[in-house]
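Hello,

Here is the structure I said I would pass on.

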Amino acid sequence: MKLRKLGVSGVSVSPICFGTMLFGNPNDEKEATQLIHQAIDHGVNFIDTASSYEGYDRTVGSAGGVAEEYLGRILKGKRQQVVLLTKIANALGPGPHQKGGSRIHLQTELENSLRRLQTDCVDILMLHWPDLETPFEESLRTLDLFVKQGKIRYFGVSNYLAWQMCELLWLSDRYSLEKMIAYEPRYSMLSREIEISELAFCKKFGIGITPYQVLQGGLLSGKYRHGETPPGSRLAENPNWMRPLPEPVWNNIEVVKGLAEELGVSLAEYSIAWALRHPEVSSVILGIRTLDQLESSIKGSQVEIPQEHLAKIDELFPLAMDLRWSSGAPKIRAWQ
C-alpha cells in the first residue's frame, strides 16, 4: 500500500487508518486481534484509538479503556510496525478533572493510556474535543511537555474549528512550543462542512487531515436503503441512532451508487476514494468489523474518481445543503 505523508511532518501513514471504536462490542478481542494482524499484513500501518473507546457500550461519561487494553495485547511484537494514535479529553466520569484539556486530566489520562497500550510512547496524541473551559495555552504547554518527556512523538486535535486550530498555532509560535501536525474531523459526501474553512486552513499550514465517518455511519456503504433496516445493523439495534433522511437524499445516494458501478466498485469503496481525493487528506479512519470490509477498504483507497464524477457529486451534495438531518451532526462542545 502506497503511504502518504501526514501533513508536512516526517510521518508516513497508510491511506487507510484502522479505527478501533468498535472494539469491545461488537468486536471481541479474538476478532479484533485477527483484524489488526491481517491489516498489518496488508500494509495498513496506522491505528486510531481513544481512551474512551469501548464499542457500542460507550455512553457519555463511561470509563472507556477497552480498545486501548485490546491493542496493548494485540500489538505485542508488532508495536514498531504501526503509527499508533490515541485521543484523550472525552468525559470518563462525573468529576471536573475526568474530562477536558486541563493539565490534571491530560497527564492522568496519558499515563492511563500508556499503561493500557503497554507502550512507553504513543506516536500521535490527539485532543478529542475542544475544551472551552480550559485555556488553550494550558493544554498546549502540557502537550509540549509530553513531547519533551518522550511520552508522545507528535500531537493533533479532533473536532476543532479552524479558529481554534489557528489559536493553537499562534500560541506555538508565540511561545516556541511544539506544533500540531494532524486534524481529525468528521467528513463525507453528506458532511462537507470542513470544506468551508478547515480544509483550506490545514492546506495552508501543512496539517494532515485524517477524517472519520467517511461512510456516514453506513449510509454511504450500501448497507442501508430507503425504507429498509437490515437485521443486525446498528440501526436495527437502536432505531434512534440515525435521523430519518429526506427521500431526495436517498435518491442521490442511489445515483452515486450508479457512478460507483461504472467504475466496477462498491458504494463504500467509491466513498472512501472520494474522501481521499484531496492531497491534504492523509488517511481515512474506518471502523472495520470484518475481513471483507478490510479488503474492501484497501481496494477503495486505490480507486481514482474521474473529474466528471466529482462534478456530478458536487451537484448532488452541494456544500451549502442543509445537513441537520445527518447522524452525529457536529456540535460545538467541550467534550462528549
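The notes below cover some strands, the cavities and the salt bridges. Please keep in mind that this is a predicted model.

Strands

Strand β5 (residues 83–88) runs parallel to β6, and four bridges join the two. To find the pairing on screen, look for L85, whose bridge partner in β6 is I124. Between these strands the chain passes through helix α3 (residues 103–117), and this β-α-β crossover is right-handed.

β6 also pairs with strand β7 (residues 152–158), again in the parallel sense, over five bridges. Here M126 stands opposite G156 in β7.

Cavities

The count comes to two cavities of 30 Å³ or more. The largest cavity holds about 50 Å³ of space. Among the residues that line the largest cavity are L127, W129, F136 and Y160. By class, its lining has seven nonpolar residues, two polar and one charged.

The second largest cavity has a volume of about 40 Å³. Its lining includes Y224, R225, E254 and K257. Helix α8 (residues 247–262) gives the most to this lining, with three residues. The lining of the second largest cavity divides into four nonpolar, one polar and three charged residues.

Salt bridges

There are 17 salt bridges by the count used here. One of them joins the side chains of R73 and E29, at 2.7 Å from N to O. R73 lies in helix α2 (residues 66–74) and E29 in helix α1 (residues 29–41), so the pair ties together parts that are 44 residues apart in sequence. R73 is partly exposed at 39% relative accessible area, and E29 is partly exposed at 26%.

D173 and K179 also meet through their side chains, at 2.8 Å from N to O. D173 is exposed, with a relative accessible area of 52%, while K179 counts as partly exposed at 43%.

In the salt bridge between E193 and R186, the closest N and O atoms are 3.8 Å apart. Are these two residues buried or exposed? E193 is partly exposed, with a relative accessible area of 26%, whereas R186 is buried at 7%.

Finally, R192, E195, R277 and D314 are linked in a network of salt bridges.

Regards

Conventions
Residues numbered from 1 in each chain as written. Predicted model: local features only at pLDDT ≥ 70, side-chain atom pairs only at ≥ 80, totals over all residues. Heavy atoms only, no water. 1 Å grid on protein atoms, 1.4 Å probe; cavity = no way out; pocket = protein on both sides within 12 Å on 5 of 7 lines; lining within 4 Å. Points joined across faces, edges and corners; volume = space filled by probe spheres on them. Nonpolar A, V, L, I, M, F, W, Y, C, P; charged D, E, K, R; others polar. Pairing = 2+ DSSP bridges. Right-handed = clockwise from strand over helix to strand, strands pointing away. Salt bridge = Lys/Arg side-chain N within 4 Å of Asp/Glu carboxyl O. Buried < 20%, exposed > 50% of the residue type's maximum accessible area, 1.4 Å probe, protein only.
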